[in-house]
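Please keep the sequence and the 3D view at hand while reading.

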Amino acid sequence: MSDDSSDKYGYLKMVDIFQDLTEQEIEEIDRATTMTTGRRGKIFYMPEDTSEVLFLLKKGRVQLYRISPDGKKLVIATIGPGSIFGEMALIGQGMHNTFAEATEDCELLVMSRQDVEHLLITKPRVALRIFEALGTRLKETESRVEEIAFKGIPARLASLLLQLAEERGTQTITGLTHQDLGERIGTYRETTTQTLNMFKSEGLIDIGRKRITLLDVDGLQEIAES
């Protein structure tokens with residue numbers, strides 16, 4: 001087995017949706033997948049595109065988002081290593097309703113529609129895990145829409161900062177611009193900057209270049225729940 005093949009096989013064994021499969025079953029999936037890369041900014045698909053592939057993200061991050069009629073970008077989800085995307089067009093939706101864009105350089109595994117359908121039919125445990133993943137993403141999307149509809153901008157931003165800190169396991173969040181944060185909470189960059197400056201003046205955070213350090217988690221939690 002070549003180094004690339006071994007690396008791909010090792011990754012497949014760690015993907016949640018393939019847990020509980022035998023080594024032989026993992027090898028079958030290994031043979032059915034192709035490894036590829038995508039530079040930051042690459043669009044994997046956009047609304048109205050049809051897709052015949054399923055993406056498994058090995059490295060990097062991908063953002064799923066929509067563009068409103070007035071041109072505002074609304075981030076639906078940001079997914080990291082171990083996640084799948086592109087599945088909606090493979091389970092009867094026909095076309096995508098979002099953009100999928102690499103926000104970091106990515107390594108991905110790709111499966112064809114035919115191989116995915118075979119997998120779902122012959123490996124019901126995998127099908128169940130894919131549907132569980134879809135359910136989790138739908139729940140997260142509903143929560144995001146609910147926050148935008150019913151919570152003010154400070155609460156949404158505080159909630160996002162706490163979420164990012166938890167995901168990254170650190171109180172210092174790096175690599176995101178004010179524009180990035182604004183898109184994730186459904187507001188403009190200027191409004192995000194004003195709110196961050198307010199948090200800073202209240203001693204809740206410290207701000208640097210593409211760096212935000214959480215100083216008062218309890219204070220941010222109180223705002224997030226308001």
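A residue counts as buried when its relative accessible area is under 20%, as exposed when that area is over 50%, and as partly exposed in between, using a 1.4 Å probe and protein chains only.

## Basis of the report

The model is predicted, and for that reason local features need a pLDDT of at least 70 and side-chain atom pairs count only at pLDDT 80 or more, whereas totals for chains, interfaces and linings use all residues. Residues are numbered from 1 along each chain as its sequence is written, and side-chain values use heavy atoms, with hydrogens and water left out.

Helices (H or I, at least four residues) and strands (E, at least two) are DSSP runs numbered from the N terminus, and two strands are said to pair if DSSP finds at least two bridges between them.

## The four-stranded sheet

Four strands form an open sheet in the order β1-β8-β3-β6, and their pairing is antiparallel. β1 (33-38) and β6 (84-85) stand at the edges with a single partner strand each, so one side of each has no neighbour in the sheet. Between β1 and β8 (residues 106-112), which run antiparallel, there are 6 bridges, and T34 stands opposite V110 in β8.

α2 lies across β1 and β8 and runs at about 55° to β1. α3 also packs on the sheet, where it touches β3 (53-59) and β8, and its direction makes about 75° with that of β8.

## The meeting of α3 and α4

The axes of α3 and α4 (residues 124-150) come within 5 Å and cross at roughly 110°. The two helices are therefore roughly perpendicular to each other, a term used for angles of 65 to 115 degrees, while angles under 35 count as roughly parallel, over 145 as roughly antiparallel and the rest as oblique.

On the α3 side, L119, L120, I121 and T122 meet P124, V126, A127 and I130 of α4. Sorted by class, this contact of α3 with α4 has 7 nonpolar residues, 1 polar residue and no charged ones.

## Salt bridges

A salt bridge here is a side-chain nitrogen of Lys or Arg within 4 Å of a carboxyl oxygen of Asp or Glu, and a search of the whole structure finds 9 of them. One of these joins K8 and D30, whose closest N and O atoms are 2.6 Å apart. Since K8 lies in α1 (residues 3-14) and D30 in α2 (residues 23-32), the pair ties together parts that are 22 residues apart in sequence. K8 counts as buried at 10% relative accessibility, and D30 is buried with a relative accessible area of 7%.

Another salt bridge links E117 with R113, with the closest N and O atoms 3.0 Å apart; these residues are 4 residues apart in α3 (residues 113-122), which separates them by about one helical turn. E117 is partly exposed, with a relative accessible area of 34%, and R113 counts as partly exposed at 25% relative accessibility.

## The β10-β11 hairpin

β10 (residues 205-208) and β11 (residues 211-214) pair in the antiparallel sense over 4 bridges, and I207 stands opposite I212 in β11. The two strands form a hairpin with 2 residues between them, and K210 in the turn has a positive phi of about 50°.

Definitions and conventions:
Contact = heavy atoms within 4.5 Å. Axes fitted to C-alpha atoms, helices over the stretch in contact; angles between N-to-C directions. Nonpolar A, V, L, I, M, F, W, Y, C, P; charged D, E, K, R; others polar.
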